[in-house]
Amino acid sequence: MDGPQQVLVGLVLLLGLFGVLVPGVPGTWLVWAGLLWWSLHEQTGVAWVLLVGATALLLFIQVVKWQLPPRRLRGTGASRRMAVFAGSGALVGFVLVPVVGAIPGFVGGIYLCERLRLGSHGEAAASTRVVMRSVGTSVLVELFACLLIAGAWLGAVLAGV
C-alpha cells in the first residue's frame, strides 16, 4: 500500500475514533472498515491477524456494552462539547502514555470541560463523577477498544509489515 492510501486509512481510523464520541455516528464500524481496507490491500499474515483480532475485540466490546446498566443522560450536564473534550483528552493521553493514558485523558477532558463550565474544583469534580457514572463507562469501553485497534494498526505500519 502506498503512502497516500495509508494516510487515508489513518484518517478513516481517526474519523472512527471521533465517531465513537458522537451519538449516531458508527465509530466502531469506521475503525473496523479502515482496518479491513488496509488488510485487503496489504494481504500479509500480520494484516489478517490484526483484522481478525480487531473483529473479535469489537464483537466482545458490543457484548460488554450490552451488559452495562443503562444510564440516563438528562440532568448530568453532558453535551457535545463535553464529548469533544473527553475524546480529545483520551487521544492526548493515548499519545503521551500509550494505551493506558486514554483512561485518565478521558476523565481529565470531562473534568476540564466541567471546570470551564462551572468554575470551581469541587463542583467540577462532583459533576465529573456524575457524568462518568452516567455515560463514561460505555463510551470509554468502546473508545479504548478502538484506540487499541488504531494503535495496533499504527504499530504495524511503522514496523513496515
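A salt bridge is defined here as a side-chain nitrogen of Lys or Arg within 4 Å of a carboxyl oxygen of Asp or Glu. The model is predicted, so local features need pLDDT of at least 70 and side-chain atom pairs count only at pLDDT 80 or more, whereas totals for chains, interfaces and linings use all residues. Residues are numbered from 1 along each chain as its sequence is written, and side-chain values use heavy atoms, with hydrogens and water left out.

Select arginine 117 and glutamate 114 to begin. Their side chains form a salt bridge with an N to O distance of 2.7 Å. Both lie in helix α5 (residues 102–118), three residues apart and therefore separated by about one helical turn; helices are DSSP runs (H or I, at least four residues), numbered from the N terminus. Glutamate 114 is buried at 0% relative accessibility, while arginine 117 is partly exposed at 45%. Buried means under 20% relative accessible area, exposed over 50%, and partly exposed in between (1.4 Å probe, protein chains only).

Next, select lysine 65 and glutamate 142. This salt bridge brings its closest N and O atoms to 2.7 Å. Lysine 65 belongs to helix α3 (residues 45–67) and glutamate 142 to helix α6, so the pair ties together parts 77 residues apart in sequence. Lysine 65 is partly exposed, at 24% relative accessibility; glutamate 142 is buried, at 11%. The structure holds two salt bridges.

Finally, select phenylalanine 18, which is found in helix α1 (residues 3–21). With a relative accessible area of 37%, phenylalanine 18 is partly exposed.

Note on methods:
Helix = DSSP H or I, 4+ residues; strand = E, 2+ residues; numbered from the N terminus.
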